[in-house]
Amino acid sequence: MNPLRADHISPLDMFKIGIGPSSSHTVGPMVAALDFRKQVAAYLQSHAQAHRSKLGISVELFGSLSLTGKGHQTDGAVCAGLAGLDPKTSDVDEIWSMQDTLNKLGHLDFVLGATNIAVDFKPDRDLHWLEWTMDGQSLPHPNTMRFVLSANKDGVTSPLLQKIIISVGGGFTENIDLDTRQRMPAGADVEIFDLPYPYNSAQEFVAVCKASGLSPWQIVIENEKVRGLDEIQLREKLSEILQVFKSCIARGLATEGILPGGLNVKRRAKALHAKMLDESSKLSSIRPDGLKHSVYAIAVNEENAAGGRVVTAPTNGSSGLIPAVFTTLKESHDLSETTLQNGLIVAAVIGALVKTHASISGAEVGCQGEVGTSCAMAAAGATAMLGGTPEQIEQAAEIGIEHHLGMTCDPIKGLVQVPCIERNAMGAGKALNAVELALACDGDHMISLDRVLLVMKQTGLDMNQKYKETATGGLALG
Ligand code: SF4
């Protein structure tokens, strides 16, 4: 198995267009369920004798997925994925109505040529919320799912196809080998390309930028070309991502009301935005434009909490921070589309380094892995956009993570609302501070980004489970 390397993670992996409210508890399970559906279809295609049995699918959700899955709409996401809907392209209303539809229908349809095979699946009966062990063993990951296709013949049920999948944050999923229970990272079995500019640490990234004389984003562009994505294609995809940033800020600023989930959290981006624009308000005398990044972050995270279309940056819980920082700087510095794309590429390098050497999952390391990572990505991307050197970019990212170390994940009722929404606003402020500090310095600093990532990982391992997306400690207790 090839170990995961930072330079093998594309910017398009880090920034995935999907739906709220959670990348690990909504997008990941939906992707896993869609993947299982494809495997069931392939199985039925090659096992005609199975068509004569009564077939059924069951889904087990373990650990953090079970404890906070209802608040994160994991059940609805699994139903949508099993029904063949895609988090990036399917209609958001269709996604969120699928659970009710399946409860009424009681089955999934698999169309194989001229044959339609109905496979039993009724969410209220076939979706199970389980604890922290599977078959008497500890879980391979806090966000573990098991999908089983079974045949029922003469009253005897036998499994035909089984998959254990973990959702590791940011919409990424990994398979678990059924025999060894080892993790098999997505892409682990794909070809490892000989990249022209390899790096697997922040130190190596800075070194490769300096030795090549290329800009930090050009390093990634050249590596992407080897993997078959030319610069024009990459920039087109990055433009799509920026467009989603723009549209979710606009929707967030235009929408009022109460967020779903039962916590009665009032949407406030629209009202805050109006206050920000009101010159007679006291706000403008504190810091001109000082509220802007907070308002933008809150707008996106309210859209995320409402199950709308957002981008993992690197997760859904932290989806507002990077759009807020980038949009604020775009407006204040009149940044071009190309510059914003370059910033996204650099931000993604930092996200890939965190994913490789620590974690971007709140269930694994707490919120330092989500909002902390997002802050570091935003700070690095923004420093690059404003002309920082590779050393200053590394320093900005390090500051962004360092001052989130130890931050817990304790969402009330398991909903990605409190403290998550406001936490993005605070993280955006820290990111802008980190940019200013890094640009004011020469890049020479005591703690490296590589070192802080090791500390982040260890801090996450040491953190009590109740502070890692289980809604059983901290603010979640009310
Ligand atoms: S507290 Fe942080 S890590 Fe936890 S769900 Fe909210 S944003 Fe994600």
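How do the residues of the shell around the ligand divide into nonpolar, polar and charged? In this predicted model, the shell has seven nonpolar, three polar and three charged residues. Of the 13 residues around the ligand, those that come nearest are G317, G362, C367, C409 and C420.

The protein chain as a whole is divided into two domains. Domain 1 is made of two stretches, 8-14 and 193-477, while domain 2 covers 19-185. Taken over C-alpha atoms, the centres of domain 1 and domain 2 are separated by 30 Å. Where the domains meet, 33 residues of domain 1 are in contact with 23 residues of domain 2. On the domain 1 side, α12 (292-305), β12 (309-311) and α15 (362-365) each supply at least two of the touching residues. This side of domain 1 divides into 11 nonpolar, 15 polar and seven charged residues.

Two helices of the chain, α17 (residues 390-402) and α18 (residues 420-440), pack against each other. Their axes are 8 Å apart and form an angle of about 145 degrees; the crossing is right-handed. From α17, the contact uses Q392, Q395, A396, I399 and G400. From α18, the residues are K430, A431, A434, V435, L437, A438 and L439. Together the residues of this contact comprise eight nonpolar, three polar and one charged. The loop between α17 and α18 holds P419, and the peptide bond from V418 to P419 is cis, with omega near 15 degrees.

P21 has its place in the loop between β1 (17-19) and α2 (23-46).

Next come the strands β3 and β4. Strand β3 (residues 107-112) and strand β4 (residues 115-120) run antiparallel and are joined by six bridges. One of the pairings links H107 with D120, its bridge partner in β4. The two strands form a hairpin with two residues between them. In the turn, G113 has a positive phi of about 60 degrees.

A positive phi also occurs at D135, a residue other than glycine, where the value is near 55 degrees. D135 is found in the loop between β6 (133-134) and β7 (137-138).

Methods. Residues are numbered from 1 along each chain as its sequence is written. This is a predicted model: local features need pLDDT of at least 70, side-chain atom pairs count only at pLDDT 80 or more; totals for chains, interfaces and linings use all residues. Axes are lines fitted to C-alpha atoms, for helices over the stretch in contact, and angles run from 0 to 180 degrees between N-to-C directions. Helices (H or I, at least four residues) and strands (E, at least two) are DSSP runs, numbered from the N terminus. A crossing is left-handed if the near helix is turned anticlockwise from the far one by less than a right angle, and right-handed if clockwise. Two residues are in contact if their C-beta atoms, placed from the backbone, lie within 7 Å. Ala, Val, Leu, Ile, Met, Phe, Trp, Tyr, Cys and Pro count as nonpolar, Asp, Glu, Lys and Arg as charged, and the others, Gly among them, as polar. A residue is near a molecule or strand if its C-beta atom, placed from the backbone, lies within 6 Å of it. Domain bounds come from an automatic or database domain assignment. Two strands pair if DSSP finds at least two bridges between them.
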